[in-house]
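Please open the model in a viewer and keep the selection panel at hand.

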Amino acid sequence: MGKDYGYIVVFHWLKECTHSERVEYSRGIYGYIEHSQYSKYKYKREGILSKLPYIRLKPGVIILNKEGKDKLSSYLRGKADIFIRRLILTEEDKNKLKGEI
């Protein structure tokens, strides 16, 4: 049985980014729920990770598969300092990234 690999992506926003830009970029990554008419209506806005399996360890620290790593790194280029490393996944992490749990 071969080893399954994932990627840990750690990012830190650049100092040039304002607070509103950081919120906008975070929403673009994770998605968000928009409220209108004093919360009478709710709309789910999807981010780039909404349809991909990922494990969020802390703010700015995410474990992804190769597809997610590529999408996230291209989205964050120029907006944040990005550090990416390949790692061997545990059984629990493999199941989460496959969407079984």
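Contact here means heavy atoms within 4.5 Å. The model is predicted: local features need pLDDT of at least 70, side-chain atom pairs count only at pLDDT 80 or more, and totals for chains, interfaces and linings use all residues. Residues are numbered from 1 along each chain as its sequence is written, and side-chain values use heavy atoms, with hydrogens and water left out.

Select I29 to begin. Beyond its neighbours within four places in sequence, I29 is in contact with F11, W13, G47, I48, L49, S50, L72, Y75 and L76.

Next, select F11, W13, I29, L49, I62, L72 and L76. These residues have the most contacts inside the largest nonpolar core, which has 15 residues. Such a core is a set of buried Ala, Val, Leu, Ile, Met, Phe, Trp, Tyr and Cys residues joined through side-chain atoms within 4.5 Å; buried means under 20% relative accessible area, exposed over 50%, partly exposed in between (1.4 Å probe, protein chains only).

Strands pair if DSSP finds at least two bridges between them. β5 pairs antiparallel with β1 over four bridges, where V9 stands opposite I62. Four bridges also join β5 to β4 (residues 54-58), again antiparallel, and I55 is the bridge partner of I63.

Finally, select G60, in the loop between β4 and β5. G60 has a positive phi of about 85° and counts as buried because its relative accessibility is 7%.

Methods. Helix = DSSP H or I, 4+ residues; strand = E, 2+ residues; numbered from the N terminus.
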